[in-house]
Amino acid sequence: MKTALTDDEKRSFYRDGFVVLKDIIPQELVEAAQQRYKKIKDGDDLTHATDFTDLINKSPLTPIMRDAMGDFDPPSATRHIVRPKGQ
């Protein structure tokens, strides 16, 4: 499991201001978040649903972000915009 940027990725991040990390989120975390969306009911408030904050807090992104940017407050809430299917 990747937990740090390579030297080339670090150079890219500092030069460009971003770096693309494909497949960095473990599939089980992605699937948990997707399942939570599939179970949504009218009026559900997903703001503090950990299935979504776990995408950062329990993934390799946390140590990578700390290494690249320093300490940060882990996300405790998320903002959800649910779009109709197909948009």
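The model is predicted. Its chain contains four helices and zero strands, and 25% of its 87 residues are buried.

**Fold and dimensions**
- Along the sequence, the elements follow the pattern α-α-α-α.
- The radius of gyration of the chain is 15 Å, whereas a compact globule of 87 residues would have a value near 12 Å.
- Along the principal axes, the C-alpha atoms of the chain occupy a box of roughly 45 × 30 × 20 Å.
- Of the contacts between residues at least 6 apart in sequence, 56% link residues that are at least 24 apart.

**Surface and charge**
- The chain has an accessible surface of about 6700 Å², and carbon and sulfur atoms account for 50% of that area.
- There are 14 positive and 15 negative side chains in the chain.
- The centres of these two sets of charged side chains lie 5 Å apart.

**Helix 4**
- Helix 4 spans residues 61-69, and its residues Leu-61, Thr-62, Ile-64 and Ala-68 are buried, that is, under 20% relative accessible area.
- When helix 4 is viewed down its axis, the buried residues lie within an arc of 165°, so they line one face of the helix.
- Gly-70, which comes just after helix 4, adopts a positive phi of about 95°.

Definitions and conventions: Residues numbered from 1 in each chain as written. Predicted model: local features only at pLDDT ≥ 70, side-chain atom pairs only at ≥ 80, totals over all residues. Heavy atoms only, no water. Helix = DSSP H or I, 4+ residues; strand = E, 2+ residues; numbered from the N terminus. Rg over C-alpha atoms; globule rule 2.2 N^0.38 Å. Buried < 20%, exposed > 50% of the residue type's maximum accessible area, 1.4 Å probe, protein only. Contact = heavy atoms within 4.5 Å. Areas by Shrake-Rupley, 256 points an atom, 1.4 Å probe, with all protein chains shown as cover. Lys, Arg positive; Asp, Glu negative; His and termini not counted. Charge placed at Lys NZ, Arg CZ, Asp CG, Glu CD. Arc of directions from axis to C-beta.
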